[in-house]
Every structure is written in C-alpha cells, then in structure tokens.
Amino acid sequence: MTELLLGHEAQIRLGFFIGVFTLMASWEVFAPRRTGQIKRRLRWPSNLGIVIFNALVLRVVMPTTAVALALAGETAGWGLLQQFDLPLWLASALAIVCLDLTIYLQHLMFHAVPVLWRLHRMHHADLAFDVTTGARFHPLEIILSMVIKFVVIAALGPPAVAVLIFEVLLNALAMFNHANARLPLGLDKVLRRAIVTPDMHRVHHSVIPREANSNFGFNLAVWDHWFGTYCAQPQKGHQEMAIGISTFRTERDLRLDKMLLQPFKDSVDNYSINKSH
C-alpha cells in the first residue's frame, strides 16, 4: 500500500489540491467571511499563474522531491528516526509534528531576516485574502523552502509516507486557513486550539505590523500559543481590517510580472517584524 501511494505522489497531491481548492472556492462564494474584497478577476490570474510558474521552476531546478528524498533515506538508514525501531504510526506522527515545527520556525525567520522578508512579502502583498493567497509565493522563496525541507528530512529520517501525508496536509490546510470562508464563531474557537483557522491566520495578513507579526503557524496552532506569537483577533475586526503591506498597494502590483519583481524593489527598512508600532 505504501509503495502504491508513493508511486502516485504527483496524482495524489494534484487530486487533493483540486478537490480542496474547489471546496474552499465554493465555500467563499456561498459563505464569505469578508465582503467587498478586490474582484477575483484582478487577482486570480496572477495568483494561480504563480502556482503554475513555481511548479515548472521546481521541476527544472530541484533534482528530486521531498518524498523521494525521504524514501532514499529509509533505504539507506539516514536520519534520527531511522536509528530507532519505532512503529510506523509513531514515527510518522513524530515526523509530521517536527516538519510542522520547521515550517513555523521558517516562517518566523522569513519575517525576521530582511533579505528573506524581501522574498516573503510577495505573499503578504496580496490586497485581499482568499484561497489563492495560500499558494501565492515567490519562486525564490519556494526554492529556499524546499532546500530547508530537504535538510530537515535528511537529518530527521522520516518515513516517506509521513512526508507525503505532511505535504498533502500543508497544501490543504494552507488553502483552508487562507480561505475567505465564514465559520461559526463557536466552532472557530474550538478548532483554533488545534489547527489554524481562517480567522486566526487572517490576522497575520493585517497591514498593522503588530498583527502581521503574529499567528505564524500554517497547520498546528499550538506553536503560536506556546511561543507567544498568538493574536486572537484583529484590532479593527475581520470586515474592516486592511489586508497587505504598506507598499505595493495598487492594482498594477497584482500583475504576475510585477509580483516576480517585488523582491528587488524598494527598501526593507519597514519589514514586518522590525516595526515597533
């Protein structure tokens, strides 16, 4: 069964992406959390275009996938988890938690280091917040993120099936917690104890630096609670809060070519985590 799953990695990931994207996009239509956002026709061509562009870049630049690297590690006995005779379920659970912590810390680092913020701010420069924002990343950030992930996988030695599950979860939950989807407030309060909800992550996309410096998690919500980066609600409320950053706020900046050039424009003196107001 494991070999069957790993042999169809691309199809599995694409299938989950299409399924979750369709579900979230439909949810946004029938039960939106925010109204009056910038029209999809101005944002979606570029946000979806960057997804296709990044997939092509990774195919050319990266020699392998995270799952293939984990499978090679299993075969060769690389990594910490390979040194213990753990049942598959326990090794997989530990691996998924460790990989999720890595994503949290990496996200924090991309806000803290000016040159990395240059790359990451393209994700924050979206002027609205919906399912496509969850996949809006600069290709240089995607490549660097993959290198970091490869290093962690080589050191950790996770089961390949755990890496596949994590990759599917990461993509699915990124679309979920970026969705402009309305959840009952009581359900949101319960869910955010365990996973990152749209209302929780939307705070992170606030134009107010103090709020943008919070809620760094993508999957598990515990990291923000434990490490003191949790912010419950935006100061101005979810409907009135401004999304984005102080620069790149025109409709022209939403074009794909302008998005790709953003890391090389303007200063980073006001990069998010360094603001004091």
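1. Let's start with Phe248, which you will find in the loop between α13 (237-240) and α14 (256-261). Keep in mind as you look around that this is a predicted model. Is Phe248 buried or exposed? Its relative accessible area is 7%, and the cut-off for buried is under 20%, so Phe248 counts as buried.

2. Now take a look at the backbone of Phe248. Its phi is positive, at about 55°, although Phe248 is not a glycine. Why mention this? Most residues other than glycine have a negative phi.

3. Next, please visit Asn215, in the loop between α11 (209-212) and α12 (222-226). Here, too, phi is positive in a residue other than glycine, with a value near 55°. Asn215 has a relative accessibility of 1%, so this residue counts as buried.

4. From the loops we turn to a helix. Where does Ser46 sit? Ser46 belongs to helix α3, which covers residues 40-61. With a relative accessibility of 9%, Ser46 is another residue that counts as buried.

5. Which residues does Ser46 touch, leaving aside those up to four places away in sequence? They are Leu254, Arg255, Leu256 and Met259.

Notes: Residues are numbered from 1 along each chain as its sequence is written. This is a predicted model: local features need pLDDT of at least 70, side-chain atom pairs count only at pLDDT 80 or more; totals for chains, interfaces and linings use all residues. Side-chain values use heavy atoms; hydrogens and water are left out. Helices (H or I, at least four residues) and strands (E, at least two) are DSSP runs, numbered from the N terminus. Buried means under 20% relative accessible area, exposed over 50%, partly exposed in between (1.4 Å probe, protein chains only). Contact means heavy atoms within 4.5 Å.
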